[in-house]
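Welcome, and thanks for taking a look at this one.

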Amino acid sequence: MTQTAPAPLPPARRLVLGLQHSVAMFGATVLVPILVGLSPSVALFGAGVATLLFHLLTRGQVPIFLGSSFAFIAPTALVVKEFGPAAAGGGLIAAGAMYLLFSGLVRVLGVGRLLQVFPPVVTGPVIIVIGLGLSSVAVNQAKTNWGLALVTLAAAVVASLWGRGLFRMIPILVGVVVGYLVSLVGGQISREALDAVAAAPLIGLPDFHAPAFDWRAVAIIAPVAVVTFIEHVGDVIVNGRVVGKNFLEKPGLSRTLFADGIANMSSAALGGPAATTYAENTGVLALTRVYDPRVIQIGAVFAVLFGCSPKLAAVLRSLPQGVLGGVSILLFGMIASVGIRTLAEARIDFAHSRNLIIVSLILVLGLGGAAFPINVAGTELELHGMALAALVGIVANLILPAQRREVDGPEGEGEGQRVLH
């Protein structure tokens with residue numbers, strides 16, 4: 001069902017809503033470069049630039065935010081260790097080029113064929129996996145300080161349900177501010193973090209570095225794009241479900257893939273990690289129901305400013321894990337709820353064992369920690385999480401025979417009748 005167009009937002013409200021999006025993506029975006037040995041400031045700057053490029057190339061139609069990709073952590077860390085950060089940049093640029101190849105293939109084959117393998121019985125549970133697959137991240141953050149997490153969560157819920165005007169639109173930002181103030185009063189922010197905020201300069205350019213191309217780095221990193229291609233399709237579908245539009249058709253999957261590839265290459269060219277579509281920000285969309293792409297673009301500008309302001313970045317880095325966990329519980333749960341809504345609106349008949357089997361396989365393998373090794377061009381990769389769930393669902397939907405009902409009553413009845421196999 002297509003959402004009704006909301007009334008235009010005043011510029012001041014767009015500014016605050018954009019800040020909320022940048023706060024939502026901050027934790028994961030800076031975590032990836034820390035894990036692989038790259039600069040968090042460059043990652044923030046690169047995420048902002050990547051998001052703006054994505055919106056430019058998709059004509060500002062898709063309200064998606066791009067941040068650091070977790071799928072590339074293992075190969076990028078290996079390349080940084082063995083060949084250096086510059087070689088990692090070259091490998092990530094090659095991965096972005098793979099997206100351009102996928103874009104061309106989709107343009108040739110057509111989106112219609114792709115949609116045939118992504119019916120609601122597949123997309124619904126895959127969206128659930130996207131949300132619940134991140135639930136362990138939220139819980140692990142929250143359990144560092146459950147009291148702080150619950151205060152943050154409660155503030156966000158109160159703002160969303162009972163807030164008025166602007167406060168109802170920025171529940172995540174309200175929750176983060178309340179949680180941060182409570183942690184400050186309670187002395188739960190370390191002295192080292194506060195000293196880092198005080199010592200950090202207000203303005204400073206990130207430590208950019210140019211990429212270098214090494215075929216060994218390319219062979220290790222580029223094949224991961226085969227896995228993230230599936231993730232991209234899933235993220236575009238769930239974003240469209242939240243907004244109420246079919247972005248696979250307009251602006252088209254080939255265009256979003258092309259834009260994601262260019263965005264990925266731009267981040268890597270600056271010395272940052274791979275960029276990918278972010279579920280955290282889709283969760284913000286679902287919660288606030290503000291789908292204006294200009295709000296995302298403002299958030300991207302804030303990300304660039306954070307990258308150029310060590311002091312602002314230090315403030316966000318000082319956020320306690322409990323605060324991040326509190327808002328993440330809400331964000332990731334909202335994504336899973338969109339998947340449930342997809343199944344409900346499609347009226348999937350769970351009296352059919354075929355539907356039960358497809359959904360069961362996706363949920364168990366996607367959420368149960370299953371991982372299948374694959375070898376692509378001599379590089380060992382691992383399918384797990386949402387990518388594995390989507391692939392299993394696609395294959396199951398294609399190979400399991402269609403079922404027909406045995407109708408005992410008048411024609412048109414029999415939704416719950418016996419199934420002939």
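How many salt bridges does the count come to? The count comes to six salt bridges. Please keep in mind that this is a predicted model.

**Salt bridges**

- Arg 191 pairs with Asp 195 in a salt bridge, and their closest N and O atoms are 3.8 Å apart.
- Both residues belong to helix 11 (residues 191-199), and because they are four residues apart there, about one helical turn separates Arg 191 from Asp 195.
- Arg 191 is exposed, with a relative accessible area of 56%, while Asp 195 is partly exposed at 40%.
- Another salt bridge joins the side chains of Arg 341 and Glu 345, at 3.5 Å from N to O.
- Arg 341 and Glu 345 sit four residues apart in helix 18 (residues 321-345), so they are separated by about one helical turn.
- Arg 341 is partly exposed, with a relative accessible area of 30%, and Glu 345 also counts as partly exposed, at 41% relative accessibility.

**A salt-bridge network**

- Arg 294 and Asp 292 meet through their side chains in a salt bridge of 3.0 Å, N to O.
- Asp 292 counts as buried, because its relative accessibility is 16% and the cut-off for buried is under 20%.
- Arg 294, in turn, is partly exposed, with a relative accessible area of 41%.
- Together with Arg 14, Asp 292 and Arg 294 are linked in a network of salt bridges.

**Nonpolar cores**

- The largest nonpolar core has 112 residues, and the members that touch the most others are Phe 118, Val 122, Ile 172, Ile 221 and Leu 253.
- Apart from this core lies another one, made of six residues, including Ala 370, Leu 383, Ala 387 and Val 392.
- What does Phe 118 contact, leaving aside neighbours within four places in sequence? Phe 118 is in contact with Thr 123, Val 233, Ile 237 and Ile 394.

**A nonpolar patch on the surface**

- Leu 101, Leu 105, Val 108 and Leu 109 make up a nonpolar patch on the surface.
- Together these four residues have about 410 Å² of accessible area.
- One of them, Leu 109, lies in helix 4 (residues 85-109).

**Val 359 in helix 19**

- Val 359 is part of helix 19, which covers residues 353-367.
- Is Val 359 buried or exposed? Val 359 is buried, with a relative accessible area of 9%.
- Not counting residues up to four places away in sequence, Val 359 touches Val 121, Pro 125 and Phe 350.
- Val 359 and Gln 141 are 218 residues apart in sequence, and their C-alpha atoms are 29 Å apart in space.

**Glu 280 in helix 15**

- Glu 280 is found in helix 15, which runs over residues 279-288.
- Glu 280 counts as buried, at 12% relative accessibility.
- With neighbours within four places in sequence left aside, Glu 280 is in contact with Ala 24, Ala 28, Leu 331 and Phe 332.

Definitions and conventions: Residues are numbered from 1 along each chain as its sequence is written. This is a predicted model: local features need pLDDT of at least 70, side-chain atom pairs count only at pLDDT 80 or more; totals for chains, interfaces and linings use all residues. Side-chain values use heavy atoms; hydrogens and water are left out. A nonpolar core is a set of buried Ala, Val, Leu, Ile, Met, Phe, Trp, Tyr and Cys residues joined through side-chain atoms within 4.5 Å. Buried means under 20% relative accessible area, exposed over 50%, partly exposed in between (1.4 Å probe, protein chains only). Contact means heavy atoms within 4.5 Å. Patches are made of residues with over 30% relative accessible area and no salt bridge: like charges are joined within 9 Å, nonpolar side chains (Val, Leu, Ile, Met, Phe, Trp, Tyr) within 5 Å. Accessible areas come from the Shrake-Rupley method with a 1.4 Å probe; for residues, only the protein chains shown count as cover. Helices (H or I, at least four residues) and strands (E, at least two) are DSSP runs, numbered from the N terminus.
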